[in-house]
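Subject: Structure handover and notes

Dear colleague,

I am passing on the structure we talked about, together with my notes on it. Please open it alongside this message.

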Amino acid sequence: MYDISYWIRSQAWMRPESVAVVGSEVRWTYRELDDLVSRLANGLRTQLGVRQGDRVAIYSVNGPEYLLVLLAAARSGTVLVPLNWRLSLPELEFQVRDSGVRRILCSSEYVANAQELTGRIGLEPPVRITRGEPASGLLELEQLLAAGPGDMAGAEPLSWDLPLLIGYTSGTTGKPKGAVLTSANFFWNAMNDLLTIDLRSADVTITLLPMFHIGGLGLFTMPTLLAGGKVVIPNKFDPVQAVELIQREGVTIVFGVPAVNLRLLEAIDQMKPDLSRVRMFYSGGAPCPVDLIRAFHDRGYAFGQGYGLTETAPTVFMMVDPADYLRKAGSIGRPAAFSRVRLQHPTTGQLVDTGEVGEIVVKGPNVFSQYWQNDEATRKAVQDGWFHTGDLARADEEGFVTIAGRLKEMIISGGENVYPVEVEQAIMSHPDVIEAAVYGVPHPQWGEVPHAALLLAPGSTLTEEALRAYCTTRLAKYKIPKRFHFMTELPRNAAGKVLKGELVRMLVNA
């Protein structure tokens, strides 16, 4: 089977004049995109001297150029290393060194940082892939494209089992690990999505998550291109701009993490746009507050939820039937078509009963092949062919699964298990609470007790005592946080997930 750039080539034969990608300054048809992919793949080879299997980093904001680099990497056999622009230079330096990157391709915003990185590591100067002020010593995207397609236009597609991308995890439990994904992983993720939400060539999606994150590529950028649809890629997330684009470009499917969807809803309420083309909003990356799901439904928008990880490219669970979106609000759905899933006891490995909490373990063709040059981490994560996610969940009698939290975040208080997500959902059912993050704090008597960090609605006068009284009607006493910390913002990683370890450092260990 073939690399992901073949998806574009095949669409260029079938629907050459259909729009594939829309950016702030470009609108590429499938025919144009396929030609650009061949030109850049040839430029990587002839201008940069990159060979099959070499690693090239991309350090860039979102945009059509980001997608072009990924597809050209696939066509040339280059392995792409997406760099998270929210990280510090020492963190980025670790990833560049660990993966053995040969060149860095960057957007104008990160030229200075990329130059410093290349200087530290001893690499050739970076290549700028977006327009900017002239700078000496920099190769530009136009120079790579000027070499023409060469023999890349007619080259045989590469095997889909070759490494395509090294996606570094957030590193919350130590040094980040590079999950190696292949074109096959991307294909089977796309098939999981196509078969679940019925993606087709008439669909239009908008890419709101950073493309250095697997959600920015896998939900639903690449699946939409496999189906022959249109992808709209703003270079940054601005909720008002996003709503304007959704309306103007006739977007049909919108994916975001809960924090993104909340800001979209606020913009929708403010702007009152015509979003009649939208088939569904979708959420992932973190458990979505049930009240947010209901708020979208109250405004007439279908709103579903799924679950995935970098290592699964990312789709594992999705809601299939829109009739279940509200009926099973809070659930991540059932396993996608090509994901085999078990919920098992994290210690004994035995399957848990309906309603009991177990660790999610996954097997399927969308699951990653290895952690880059880290056999020990690979062996720990993948046992007997099953990837152990570290996430806890329970299934109901209909097979719908709900996340309970991270295995490492589970709180054991006085011998009782406290699942943070359950407590968070109870707290966020209060109308004054926008978001809650629950984490464990050491306690001399109980071992651990839960604490909560909160974001309140503007103008709220909610007190800690009043919130604790509210929780007593919804939670067992041992599950109620011993402290509620009211905050103006919560620390997050690139995917929008709250960094609970950082909360502990800020609020407990400070």
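Predicted model: local features only at pLDDT ≥ 70, side-chain atom pairs only at ≥ 80, totals over all residues.

Residues are numbered from 1 along each chain as its sequence is written, and side-chain values use heavy atoms, with hydrogens and water left out.

I begin with the interior. A nonpolar core here is a set of buried Ala, Val, Leu, Ile, Met, Phe, Trp, Tyr and Cys residues joined through side-chain atoms within 4.5 Å, where buried means under 20% relative accessible area, exposed means over 50%, and partly exposed lies in between (1.4 Å probe, protein chains only). The largest such core has 116 residues, and within it Phe186 and Phe281 touch the most other members. Helix α3 (residues 64–76) gives this core its largest share, which is nine residues; helices (H or I, at least four residues) and strands (E, at least two) are DSSP runs, numbered from the N terminus. If residues up to four places away in sequence are left out, Phe186 touches Ile4, Trp7, Leu164, Leu165, Leu181, Ile214, Leu217 and Met222, contact being defined as heavy atoms within 4.5 Å. There is also a second, separate core of 22 residues, with Val101, Cys106, Leu138 and Tyr168 among them.

Next come the helix pairs, for which axes are lines fitted to C-alpha atoms, for helices over the stretch in contact, and angles run from 0 to 180 degrees between N-to-C directions. Helix α1 (residues 5–14) packs against α3 at an angle of about 100 degrees, with the two axes 8 Å apart. That angle makes α1 roughly perpendicular to α3, given that angles under 35 degrees count as roughly parallel, over 145 as roughly antiparallel, 65 to 115 as roughly perpendicular and the rest as oblique. The contact brings Ser5, Tyr6, Ile8 and Arg9 of α1 together with Leu71, Ala74 and Arg75 of α3. By class, this contact of α1 with α3 holds four nonpolar, one polar and two charged residues, where Ala, Val, Leu, Ile, Met, Phe, Trp, Tyr, Cys and Pro count as nonpolar, Asp, Glu, Lys and Arg as charged, and the others, Gly among them, as polar.

In the other pair, the axes of helix α4 (residues 89–99) and helix α5 (residues 111–121) come within 10 Å and cross at roughly 55 degrees, and the two helices are therefore oblique to each other. On the α4 side the contact is made by Leu89, Pro90, Leu92, Glu93, Val96 and Arg97, which meet Asn113, Glu116, Leu117, Arg120 and Ile121 in α5. These residues divide into six nonpolar, one polar and four charged. Helix α5 also holds threonine 118, which counts as buried at 5% relative accessibility and, apart from residues up to four places away in sequence, touches Ile104, Leu123, Glu124 and Pro126.

Helix α15 (residues 420–428) is mostly covered, with seven of its nine residues buried, namely Pro420, Val421, Val423, Glu424, Ala426, Ile427 and Met428.

Most residues other than glycine have a negative phi, and most peptide bonds are trans. The peptide bond from leucine 219 to phenylalanine 220 is, however, cis, with omega near 0 degrees, and phenylalanine 220 sits in the loop between α8 (214–218) and α9 (221–227). A cis peptide bond also joins alanine 313 and proline 314, with omega about -5 degrees; proline 314 belongs to the loop between β14 (303–308) and β15 (315–318).

Aspartate 198, although not a glycine, has a positive phi of about 60 degrees; this residue lies in the loop between α7 (183–197) and β10 (204–206) and is partly exposed, with a relative accessible area of 46%. For aspartate 384, phi is near 55 degrees, again a positive value in a residue other than glycine. Aspartate 384 is found in the loop between β20 (382–383) and β21 (386–395), and counts as exposed at 75% relative accessibility.

With best wishes
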